[in-house]
Amino acid sequence: MITTAIITEYNPLHNGHKYQIEKAKELTSCDNMIIAMSGNYVQRGEPAIFNKYTRSKWAINAGCDLVMELPTVFSTGSAELFACSAVDLLNKTGIVNYLVFGCEEDSIDKLKEYAQIFTEEPQAYKEALKNYLKDGCSFPKARSLAVAEYTNDSDSSAILNKPNNILAVEYLKALIKSNSSITPIGIKRNDNGYNSSEIAGRFASATATRKLIQAGDTEALKYVVPDFVFKDIKDNSTAITNDNFSDLYFYSLIRENRFDKYSDISKFLSNKLNNEKNNFRDINSFLNQLLTKDETLAHLKRSLLHILLGITEDIVNSAKASGYNQYIFPLAINSGNSILLKSIKSNCQVPFVNKYGDFYKSATTEALRLLEINYKADLLYNQKAGYNIDSRFDDFTLNFKSKIH
């Protein structure tokens with residue numbers, strides 16, 4: 001039995017994603033397609049535009065068999081943390097043969113070379129990286145310039161500045177570091193790029209698709225998403241943006257004066273946040289106030305989201321030290337594929353959780369900490385979207401505090 005996996009966010013699921021699923025099946029001749037997906041918050045440091053169950057349903061409708069949630073602590077992390085934890089989740093199923101991902105290259109050979117360099121960190125590369133960081137470059141820019149210098153390949157920097165290539169390299173790194181048996185396969189993107197606002201025929205990036213949704217442009221939207229996605233959106237699925245959370249962001253900033261305990265926040269950024277917070281009007285204008293040539297927008301968004309959700313550096317470090325994922329939580333399952341469920345339950349290396357109330361009784365402190373972050377984050381999301389909390393938390397909510405504190 002062959003199982004292929006994709007790590008994704010489906011924020012939202014569009015025709016490019018559907019093509020990737022179909023192409024992945026074709027390339028691997030798999031029996032099962034499983035997904036590791038962000039929940040209600042995504043790696044760009046924002047709430048997902050639609051809730052995790054709606055997006056999971058779309059994945060099943062697009063031909064997937066199982067959607068597993070990547071815990072919020074990991075889904076809102078850096079590209080490296082996101083990739084390491086997602087690959088770990090796939091490894092812990094015990095059944096994944098292939099990992100398929102999008103990239104901007106025809107071949108992943110160069111990406112594999114870069115992943116090896118980043119994993120081994122040769123001295124000459126480390127020196128170059130150190131020098132570029134000293135010059136004030138952001139880490140992503142410094143790393144791409146350092147590898148270009150180390151390899152004496154001027155194309156390296158441009159290749160490593162493309163968003164999907166960055167994640168692809170991190171997936172490859174994670175596979176190497178975990179000594180994984182999973183085989184990586186890259187599929188070249190067929191749109192104008194991850195952050196592009198342009199539409200190419202029936203293909204548009206997630207960024208462009210979100211803009212169509214926010215603008216209410218259903219006429220253009222129907223051409224770039226599958227019919228089942230379009231129907232849900234047209235039938236008034238609640239779209240969420242960072243703007244919905246502006247008041248919560250503001251409150252999270254005024255309730256304290258130091259922020260460097262939170263993940264991804266330096267003392268410099270902490271001081272800047274403290275100095276600027278009284279000028280807060282809304283989240284997007286505040287982000288623009290903070291933006292500099294050496295600070296990426298995605299990093300700023302993640303930093304502020306970590307403050308809002310209470311994700312500290314200690315929590316992240318503890319989760320990493322404990323081996324990342326402590327459980328597998330299914331968001332959606334193809335009910336017609338009972339063989340897959342039997343296989344994963346027989347082979348997975350951590351508990352496969354259907355109901356939190358049953359799980360908490362035997363869960364480790366680290367697992368409960370990840371669940372607590374997820375629970376509170378989902379409460380905020382659901383309150384802004386007007387949903388009730390997941391009923392599978394009912395028993396869990398009464399007991400997790402006494403287990404953690």
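1. A quick word on terms to begin: a residue is buried when its relative accessible area is under 20%, exposed when over 50%, and partly exposed in between, using a 1.4 Å probe and protein chains only. Cys 64 is buried, with a relative accessible area of 1%, and Cys 84, at 14%, counts as buried too.

2. Please keep in mind that this is a predicted model, in which local features need pLDDT of at least 70, side-chain atom pairs count only at pLDDT 80 or more, and totals for chains, interfaces and linings use all residues. Residues are numbered from 1 along each chain as its sequence is written, and side-chain values use heavy atoms, leaving out hydrogens and water.

3. Now to the cysteines. With a disulfide taken as a pair of cysteine sulfur atoms within 2.5 Å, the structure holds zero disulfides. For Cys 64, the closest cysteine sulfur is in Cys 30, 9.2 Å away and too far for a bond. Cys 84 is in no disulfide either, and the nearest cysteine sulfur, that of Cys 103, is 19 Å away.

4. Next, a helix pair (helices are DSSP runs of H or I, at least four residues, numbered from the N terminus). The axes of H5 (residues 109-120) and H7 (residues 139-151) come within 11 Å and cross at roughly 100°; axes are lines fitted to C-alpha atoms over the stretch in contact, with angles from 0 to 180 degrees between N-to-C directions. H5 is therefore roughly perpendicular to H7, a label for angles of 65 to 115 degrees.

5. Who meets whom here? Contact means heavy atoms within 4.5 Å: Glu 113, Tyr 114, Ile 117 and Phe 118 of H5 meet Arg 143, Val 147, Tyr 150 and Thr 151 of H7.

Notes: Helix = DSSP H or I, 4+ residues; strand = E, 2+ residues; numbered from the N terminus. Parallel < 35°, antiparallel > 145°, perpendicular 65-115°, else oblique.
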